[in-house]
Amino acid sequence: MNLTHGLRRAAQINRDAVATGFEGRYRTWGEVAERVARAAGGLRGLGAAEGERVAILSLNSDLYLEAYLAAAWAGAVIVPLNVRWSAVENRDALEDCRAKVLIVDRAFAELGAEIAKAFPGMALVYADAGEPPAGMTAWETLATASDPIPDAMRKAEDLAGIFYTGGTTGRSKGVMLSHGNLTANAFNALAEGLFGVDVTYLHAAPMFHLANGAAMFSLLLSGGSNRMIRAFTPDGVLQAIQDEKITDALLVPTMIQMLVDHPKVGDYDLGSLRRIAYGASPISEAVLDRAMKALPGVEFAQAYGQTELSPIATVLHWKEHIGEGRAKGRHRSAGRATLGCEVRIVDAEDNPLPVGEVGEICVRGDVVMMGYWERPKETADALKGGWMHTGDGGYLDEDGFVYVVDRVKDMIITGGENVYSVEVENALAQHPAVAQAAVIGIPHEHWGEQVHAVVYAAPGATAAEAELIEHCRALIAHYKCPRSIEIRSEPLPLSGAGKILKRDLRAPFWSDAGRNVS
């Protein structure tokens, strides 16, 4: 199986059905298949031979989906870049993967052209309406004027995409996912009743993110229908649901909160909406209650996982959010292992733990990544014994429900985005006034967790909170930067091994929370 299988099938059995809709432009599966075969030929002409990398830096659109498919059809490897990253971070990813082609939309055309100066010979493609900027090839030219090529028919074990995620060493890691990984995840989601053929799905979560990809690849197999908005806004989502008769969407809890708390939510006709899947973090009971009240006909389902798992490991179905499931507290869990996955909890020596004991959550199955791009040691550490070690701490109950209670890795999840504390600490450490820095996640009602820094100023130096935050913004994505900084005049507490005791720094913020993550 490969990523283009669903396109070939949809073009055969559902050829005249609407495949994509974006800003008033609609295309059938037959039209998309024709455009993808031509665009793949165009990408080959720009240097994207089999196995070469094609990067994309763009907001959501129908052309984003075509880019995913055309890269796979050409036998190339897609590399979706994070639209919230800084220029420095995305340039680092391009250097790491050695992309042959960079696709940009109008929002990132100027930035893409600037970044590309560091990579002589890298082709630039403009995937948006209107004339392309100087030096760029229009996606529309690739998709309509290029000669179509046969599908490369990549095998299940072939690399399909490199998805960059935060790095525990301060540099982002490229997660390598095969065609088999991504199609296995799609089949698992379909088997769980998610994203079937009768779905009209709204791409409101960013399309570079694999949480949205879980739905996108499932829809490619099922032949469901896709609608896109460039980026999430409450009004944009509500309007799209009403106008496009959306049945399904995937949103992070922060987006759900913004949606149901919107003062005009009752002004829209949302009767078509049947299901909202959410991921990246558990939903609070308060937000879930408000969502159920504001959207009485909508079922909610949680998908827990990570990029390294393509990305779904467990699913918490709607029935566990209500009634007997809720009475048993299962709505606070991350659900049970999805079809095709196994979950276990291990101690620090990798020994399986019994029911109820907290350890590291590990997952096994066809969804587990190939490894980290050109990082054999980190790959070996993550995949010990053939199990993906998630870095999340949790436990299993007697019925196989997974409860996430802490993180083994120094990672913060804010608004559905992963932030590795070492990345932020490395940025802070480059300021001359900083002698020590520790970054932790603290509770935040809206974002789930907030990035908070504790800094020990160098003797004789002064540093204002605003100055340090602005310093970080020049080096890393804004969402990774501290929202608050405590500046201390004494060194930070250390363990016997000389490590900063982050658990002690976290304790005052989480003492009443019942668990150590949101």
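Me: What is the bridge partner of Phe22 in S11?

Reply: This is a predicted model. In it, Phe22 has Met228 of S11 as its bridge partner.

Me: What makes strand S1 and strand S11 a pair?

Reply: Two strands pair if there are at least two bridges between them. S1 (residues 18–22) and S11 (residues 225–228) are joined by three bridges. So they meet the cut-off of at least two. The two strands run parallel.

Me: Which sheet do they belong to?

Reply: They belong to an open sheet of nine strands, in the order S2-S1-S11-S10-S12-S13-S14-S15-S16. Its pairing is mixed.

Me: Why are S2 and S16 said to stand at the edges?

Reply: Strand S2 (25–28) and strand S16 (336–337) each have a single partner strand, so one side of each has no neighbour in the sheet.

Me: Which strands does helix H2 lie across?

Reply: Helix H2 (residues 29–45) lies across S1, S2 and S11. It runs at about 85 degrees to S2. Helix H9 (residues 234–244) lies across S2, S10 and S11, at about 160 degrees to S10.

Me: Why is Asp392 called buried?

Reply: Buried means under 20% relative accessible area. Asp392 has 7% relative accessibility, so it counts as buried. Asp392 is found in strand S20 (residues 388–396).

Me: How do you know that the buried residues of H4 line one face?

Reply: In helix H4 (residues 87–97), the buried residues are Glu89, Asn90, Ala93, Leu94, Asp96 and Cys97. Seen down the axis of H4, they fall within an arc of 160 degrees, so they line one face of the helix. They pack against several elements, including strand S3 (53–57) and helix H14 (421–429).

Me: What follows H4?

Reply: Arg98 does, and its phi is positive, near 55 degrees.

Me: How many residues does the largest nonpolar core have?

Reply: It has 121 residues. Among those with the most contacts inside it are Leu94, Trp139 and Phe217. Helix H3 (residues 62–74) gives the most to this core, with 11 residues. A second, separate core has 33 residues, including Leu238 and Tyr403.

Me: Which residues does Trp139 touch?

Reply: Leaving out residues up to four places away in sequence, Trp139 touches Arg35, Leu63, Ile103 and Tyr126, among others.

Note on methods: Residues are numbered from 1 along each chain as its sequence is written. This is a predicted model: local features need pLDDT of at least 70, side-chain atom pairs count only at pLDDT 80 or more; totals for chains, interfaces and linings use all residues. Side-chain values use heavy atoms; hydrogens and water are left out. A nonpolar core is a set of buried Ala, Val, Leu, Ile, Met, Phe, Trp, Tyr and Cys residues joined through side-chain atoms within 4.5 Å. Buried means under 20% relative accessible area, exposed over 50%, partly exposed in between (1.4 Å probe, protein chains only). Helices (H or I, at least four residues) and strands (E, at least two) are DSSP runs, numbered from the N terminus. Contact means heavy atoms within 4.5 Å. The arc is that of the directions from the helix axis to the C-beta atoms. Axes are lines fitted to C-alpha atoms, for helices over the stretch in contact, and angles run from 0 to 180 degrees between N-to-C directions.
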